[in-house]
Each structure stands twice: as structure tokens, then as C-alpha cells.
Amino acid sequence: MKRTLVFLFTLVFAMTMVAGCGGQTEDAQTVKIGINYELSGDVASYGEASVDGIMMAFDEINAAGGIDGLQIEPITVDNKSDTAEATALATRLMTQEGVVACLGPATSGSYMATIPVAMANKVPIISASATADEGVTVDKNGNVNEYVFRLCFNDSFQGVTMANFALNNLEAKKAVIIQDKSSDYAAGLAKNFKETFTAGGGEIVGEEGYVAKDKDFNAILTKIKGQEFDVIFLPGYYQEAGLIIKQARDLDISAPILGADGFDSPVLLELAGAEALNDVYFSNHYSNLDQDPLVQKFIEDFKTKYGKEPNAFHALGYDLGKYIADAIKRAGSPEPEKIKDALANTENFVGVTGSFSMGPDHNPIKSIVVIGLENGVQASSVKVEPK
Amino acid sequence: MTSVLTKKNLLILGCILLTFVLVQVLMSVGFITSFHEITLATICINIILAVSLNLVTGFTGQFSLGHAGFMSIGAYVCALIVMRFDSVAGFLVGILAAALAATIVGILIGIPTLRLKGDYLAIATLGMAEIIRVVFLNLEITNGAAGLSGIPRYTNWFWMYLFVVLTIVLINNFIRSSHGRACISIREDEIAAESMGINTTKFKVMAFAIGSFFAGIAGALYASYFYFIKPNTFGFLKSIDILVIVVLGGMGSITGSIIAAVLLALVSTFLQSFTAVRMIFYALVLVIIMIFRPQGLLGTKEITDLFKFRRKNERIE
């Protein structure tokens with residue numbers, strides 16, 4: 001036993017020697033930007049789409065001569081959709097690789113796990129899709145996290161928007177909420193929808209719940225069928241929403257169905273079928289229908305480069321790439337401190353997901369799009385400006 | 001009873017202190033950067049987890065797939081306490097409470113499930129870990145699926161090293177005590193052990209409780225090092241990760257668990273630069289080791305046994 005222990009501690013020592021390797025190279029002609037995304041694991045599809053968008057933006061900038069002559073050198077790492085890995089990689093990017101800013105991760109949890117690292121190392125981080133209401137750009141004491149930014153609206157804004165859309169555009173008075181009980185995303189949406197809808201004179205006549213991976217919703221739907229209501233609000237993700245919409249339409253429930261950006265996937269159409277997807281509306285960051293020449297050019301270029309239609313994550317990633325480059329340009333020199341100030345002082349940045357100014361709480365003040373589906377295709381889009 | 005202060009014990013103590021001081025010095029001169037420190041933290045936490053699971057699975061022979069469940073109890077208890085009492089004292093109270101909470105749950109779960117054997121026990125412990133995860137997913141105080149963020153960081157090299165040393169020494173001594181030998185006899189042949197008058201249920205629950213205790217500590221260190229925890233961090237795959245370390249190092253070998261924990265963390269860190277192929281290589285390393293060393297790197301031996309063996313041979317010659 002004694003020898004066991006002696007060995008152990010020599011081992012711990014040897015291990016630290018191995019861990020001590022690694023070096024740094026400096027190149028004056030490039031500016032290093034860390035890309036810390038979920039490229040494998042549970043939410044790899046979000047990470048991959050975001051990185052595709054970012055890379056497209058960087059390629060365009062580098063081809064056009066870079067940022068004031070500086071070429072962007074992206075350093076891409078995969079956090080395996082694991083929060084501890086996200087923390088480790090953010091530390092590596094900031095302390096080993098010497099990046100001036102970090103992009104990502106895509107999901108709120110992993111993004112939150114990198115916030116203390118950014119604050120400690122004084123390197124700005126930006127996420128294009130971390131939409132959680134609490135604990136992102138503002139800490140639990142209400143102070144703004146100085147080095148933390150995001151490029152998307154938060155969940156509560158979507159809930160509020162959809163409630164206003166139901167009240168004003170659909171003239172609904174009574175609503176039913178069918179909520180994914182296993183996700184905090186759905187909980188945030190439902191809460192804000194309910195508050196805004198009742199404050200605007202509406203009434204919530206029924207609240208039902210399901211959990212992710214459920215397949216049969218007939219019990220819930222039969223129950224609400226007997227009630228009188230004008231709209232169904234369905235906060236959740238496309239896997240279940242697709243099935244709920246199909247089963248509801250099969251039961252002749254014809255009321256409009258509202259959702260949020262969790263609906264944004266081709267899988268929704270596969271699951272629900274084209275004939276069920278009528279009178280379905282959801283809020284999103286961006287719509288392919290937008291006739292803005294900037295958006296149409298982005299869609300064309302994206303199709304040429306990757307051979308497929310871009311979705312919201314691609315568009316957000318693209319904007320993120322352009323936005324960080326714009327901030328570095330405005331900062332005048334690639335120093336994290338100046339970039340942070342440039343990010344905070346953004347006025348009227350024009351992107352494919354809408355133009356925005358950075359608010360004092362490091363959330364962008366930007367418009368939201370409500371997309372209407374007819375026979376499974378996006379038929380209408382209404383832009384809602386922030387108040 | 002001989003004195004604790006034998007020459008050997010003093011030598012060990014010296015080695016422990018020397019390693020600690022060396023790493024501390026390397027840190028302060030910047031040779032070990034904050035990124036290396038994260039690898040070091042992963043290694044330390046995995047050592048505690050693997051050694052404690054080895055006590056249950058390797059030495060007592062009870063196949064458990066629920067270790068991440070106990071880790072999550074420790075992580076949540078410590079996080080909730082340290083977020084309210086933001087000080088080193090709060091952190092230490094948090095660790096203690098974490099370990100005790102994990103132990104209590106370990107005993108409560110252990111008493112009914114440890115009557116099962118083999119596959120059935122594995123499924124039961126897996127189920128229990130899932131229940132723990134779903135409870136955290138639905139509680140108000142744990143902030144549901146969103147998890148707890150902004151946990152203050154108190155875990156540093158000193159505390160990690162202290163708890164690693166404590167875990168290894170305590171579990172090592174336990175295994176060499178009469179209780180430990182009782183546990184090993186259960187692994188070797190439960191019926192024979194019972195017929196020799198060993199209360200098998202008692203010793204199984206005891207090993208399970210000690211394993212949970214240290215898993216709770218590991219969880220607490222994890223929570224206070226990585227700032228953020230959510231229920232899904234401690235899912236089924238985390239239990240498997242820990243089990244992989246134990247099996248890879250050799251079931252029934254403490255040094256094996258330690259070597260495997262270090263090795264896997266280094267492989268994983270080294271492969272970080274090869275984003276696309278890292279998981280393939282990681283899995284390949286596991287497959288190759290299992291093909292050539294199906295009993296694990298060290299089997300049931302300790303690395304020191306190998307030295308002993310050689311010396312004996314030399315003596316014979």
C-alpha cells in the first residue's frame with residue numbers, strides 16, 4: 001500500500017510535466033477569433049449551422065482584403081455539447097491561442113458556462129442564439145456582464161410578440177396553451193405569452209402539458225376540443241409540435257396554432273404533412289421570404305457555397321461573423337478591450353436577421369419576424385418592431 | 001499497534017507534500033497555465049469518481065451504473081449552499097453537506113437494490129440515477145432544465161489535491177481493513193462469504209455508501225470549478241464515462257483507476273486540436289486497450305505489486 005501511494009504521487013507529478021507542453025505563435029498579419037461551438041453531441045445541428053454561417057462571412061471578408069488589411073484567422077473547436085468542455089475550450093482559446101474575441105456556443109447553457117471565463121480573461125464573447133432570459137448578459141444581481149453580448153432577442157420577447165400577434169393580427173380573445181413541460185425554453189415562452197395575452201384583454205381558457213419525446217397527444221387534444229377558444233399557443237420544439245399539429249387537424253381542430261423559433265425546421269413539415277400546416281404562425285429571427293436585397297443575396301450566395309437553403313442558424317451565424325468583423329474595424333485595433341467597447345456601442349448594424357443597435361443590457365434591439373405557413377410553405381411574414 | 005509515524009509513512013507524506021508544492025510552484029511561475037489547470041481539475045475529479053466507483057464495482061463486485069446520480073446530488077447541494085454563503089467556509093460546509101446528502105441517498109437506494117445481482121442491479125442503479133436526474137429537472141430550487149449558473153469558484157489546486165489524497169488514502173485503508181476484505185470476499189463468492197458469517201447486505205451497503213460519499217465530494221468540486229451545472233450533465237453517459245475509467249484501469253485496482261483517469265484526460269485534451277476525428281480516436285484508444293488488455297491496464301493488481309513481484313524474483317535468483 002505504501003508503495004502504491006509513493007507511486008501515485010510521482011505519477012501526478014509526471015502527469016503535470018506532460019500537461020506543461022504547448023506554445024504560442026504570433027503573427028502580425030492576422031487577427032485570431034475563437035469559434036467555440038457544439039460540433040458533436042446532442043445539439044450538433046445548431047453548432048454546425050452556426051459555424052457554416054460564420055465561415056461564410058469570414059471567407060467573404062478575407063477575400064475582400066480582411067479587416068483593414070488584417071486577415072481573420074478563425075480557430076474552431078468542438079465542445080461536444082458539454083458545458084464543462086465549453087468552459088475548458090474558452091479558457092484555452094483565451095489563454096493559449098490568444099484570441100481577441102470568442103463566438104458561441106450556440107445554446108444558452110454552454111454559453112453561460114463560458115461567461116465567467118470571459119469575465120476573468122477580459123475577452124468579449126458573443127452568441128447568436130443563446131436566447132435564455134436569465135443569467136446571460138445580466139448576472140443574478142442585475143449587473144451587466146461587461147464582456148458578454150448576444151445577437152438575438154430573448155425568449156420572453158418571442159412570447160410577448162406572439163401574444164400581441166394573437167390579439168391584434170388574429171383578433172383572438174381566448175387561447176389554449178399546450179406546453180412542453182420538460183424545457184425551460186417552453187416555460188419562458190408560456191409565461192410571457194400568458195402575461196401579455198391576459199393584460200391585453202384576452203383569456204387563457206386551458207393549459208395542457210406534455211413532455212419531450214411524447215408521440216400521442218389525442219388525450220390532450222380531445223379534452224381541449226370541447227372548449228371554446230380562438231388560438232392554440234404551442235411553445236416547444238418541432239419534433240412534438242409537428243405531431244401535435246397533425247393530430248389536432250385530424251380531430252378537426254381548425255383554430256390557428258402559434259409557436260416560436262423552435263418550429264423552424266424542415267422536420268416540422270415531414271411530421272405534420274402539408275395539408276395540416278395551414279393557419280400556423282411562428283416567430284423567428286429571419287425569413288427566407290424577406291424581399292430585402294441583402295437577404296436575397298445572402299440566400300443566393302449561401303446556396304452557391306453550400307448547395308442548400310439557409311435556415312435561421314445559418315443566417316445568425318453569418319450575421320455574427322460580419323458583426324465581430326465590423327466591431328474590430330470600428331475598434332481601430334484588434335484588442336479585446338477596444339472590441340468590447342465597439343460591441344457595446346453598436347448603432348444600426350445592418351444584417352440579414354435585421355438591423356439592430358446594442359442595448360445597454362447587451363441585448364440587441366431588433367425586430368422579430370412572424371412567419372405564416374400555408375400548405376406547409378412559408379406564405380407570409382410580418383415584421384414586428386421592438387417597442 | 002505500531003506508531004503511525006513509521007519511516008514509510010513519513011516518506012509518503014513527504015512525497016505528497018513535495019508533489020503539491022511542485023505543482024503550486026509550476027503554477028505560480030506560469031508553467032502550468034489556467035488551461036492546463038482545467039485538465040488537472042478534470043483528472044482530479046475523475047480520480048475521485050473512479051476510485052470510489054472501483055470500491056463498489058471493482059472490489060465489492062456490485063455493478064453500478066448510477067454513480068453520476070450521486071455526483072449530481074453532491075454538485076447541486078454544494079452549489080446551492082455556496083451560492084447563498086459565498087465564502088470558503090460556505091464552500092467547505094457545502095462539500096460536507098454534499099457528501100452526507102449523497103451518502104444518505106446512497107444508503108436509501110442501496111438497501112433495496114443491493115439485494116439484486118449483476119445485470120438486474122445495473123438496471124436498478126441506472127433507474128435510480130435517472131430518478132435523481134428527473135427530480136432535479138423538475139424542482140423549483142434547482143432551476144429545472146436551465147440549471148444553476150454563476151456558481152462561485154472556490155475549487156482550486158489545494159482543495160482538489162487534498163480531496164484526491166484523502167479519497168485514495170481512505171479507500172485504500174478501507175480495502176485493507178477487515179471490512180474491506182469482507183467486501184472482496186463478496187466479490188469472489190457471495191455464497192461462500194455468507195456461509196463464513198459475513199453479513200453481505202451490510203457490507204454491500206457500506207461499500208455503496210462510501211462510494212456515494214466520495215462521489216458527492218467529486219460532484220461538489222465539479223460544481224464549484226465549472227461555474228455551471230444542469231441535470232443533463234449528470235446523465236447516463238456520465239456514469240458510463242466513470243465506468244469506462246474503472247474498467248480500463250482494471251476492476252479492483254486503485255492505481256489502475258488513477259492511471260486510466262490521467263490517461264483518458266490527457267488523450268482527450270491532446271485530441272482537442274483535431275476537432276473532426278477526436279471522438280473516433282478516443283474510441284479507438286478504448287477499443288485497442290480492451291482488445292489487448294481485456295482485464296484492464298492493471299487487472300486486479302496494484303502497480304506496486306508488479307514491483308514486489310520483480311523483487312521476489314530477484315531474491316530467488
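Which residues is F197(A) in contact with, leaving aside its neighbours within four places in sequence? The legends below take up this question and others, on a predicted model.

**View 1. F197(A) and its surroundings in chain A.** Leaving aside neighbours within four places in sequence, F197(A) is in contact with A163(A), A166(A), L167(A), A175(A), G202(A) and I204(A). F197(A) lies in helix α6 of chain A, which covers residues 184-199. It is buried, because 26 C-beta neighbours fall inside 10 Å, and 20 or more are needed to count as buried. A175(A), one of the contacts, is 22 residues apart from F197(A) along the chain. Their C-alpha atoms are separated by 8.5 Å.

**View 2. The open five-stranded sheet of chain A.** The strand order is β2-β1-β3-β4-β5, and the pairing is parallel. β2 (71-78) and β5 (148-150) stand at the edges. Each has a single partner strand, so one side of each lacks a neighbour in the sheet. On average, neighbouring strands are turned by 25° against each other, direction ignored. Strands of a sheet pair through backbone hydrogen bonds, either parallel or antiparallel.

**View 3. Strands β1 and β3 of chain A, side by side.** β1 spans residues 30-37 and β3 spans residues 101-103. Three bridges join them in the parallel sense. For G34(A), the bridge partner in β3(A) is C102(A).

**View 4. Two helices lying across strands of chain A.** Helix α4 (residues 108-121) lies across β1, β3, β4 (125-127) and β5. Its direction makes an angle of about 165° with β4(A). Helix α11 (residues 312-331) lies across β1, β2, β3 and β4. Here the angle is about 170°, taken to β3(A).

**View 5. The hairpin of β13 and β14 in chain A.** Strand β13 covers residues 368-374 and strand β14 covers residues 377-384. The two run antiparallel, joined by seven bridges. I371(A) stands opposite S381(A) in β14(A). Two residues lie between the strands. At N375(A), phi is positive, near 50°.

**View 6. Domain 1 and domain 2 of chain A.** Domain 1 is made of 30-153 + 292-366, and domain 2 of 156-284. Their centres, taken over C-alpha atoms, are 31 Å apart. Where do they touch? Four residues of domain 1 are in contact with seven residues of domain 2. The domain 1 side has two nonpolar residues, one polar and one charged.

**View 7. The largest nonpolar core.** This core has 219 residues. I48(B) and I217(B) have the most contacts inside it. Helix α9 of chain B (residues 200-225) gives the most to the core, with 17 residues. Chain A takes part too: domain 1 and domain 2 each supply at least three residues. Not counting residues up to four places away in sequence, I217(B) touches I48(B), G74(B), I95(B), A98(B), A99(B) and F163(B).

**View 8. C78(B) in helix α3 of chain B.** The helix covers residues 67-84. Is C78(B) buried or exposed? C78(B) is buried, because 33 other C-beta atoms lie within 10 Å. Leaving aside neighbours within four places in sequence, its contacts are G94(B), I95(B), A98(B), G219(B), A220(B), A223(B) and S224(B). M251(B) is 173 residues apart from C78(B) along the chain. The C-alpha atoms of C78(B) and M251(B) are separated by 29 Å.

Terms used: Residues numbered from 1 in each chain as written. Chains lettered and ligands numbered in written order. Predicted model: local features only at pLDDT ≥ 70, side-chain atom pairs only at ≥ 80, totals over all residues. Core = buried A, V, L, I, M, F, W, Y, C linked by C-beta atoms within 7 Å. Buried ≥ 20, exposed ≤ 12 C-beta atoms within 10 Å, placed from the backbone. Helix = DSSP H or I, 4+ residues; strand = E, 2+ residues; numbered from the N terminus. Domains from an automatic or database assignment. Nonpolar A, V, L, I, M, F, W, Y, C, P; charged D, E, K, R; others polar. Pairing = 2+ DSSP bridges. Axes fitted to C-alpha atoms, helices over the stretch in contact; angles between N-to-C directions.
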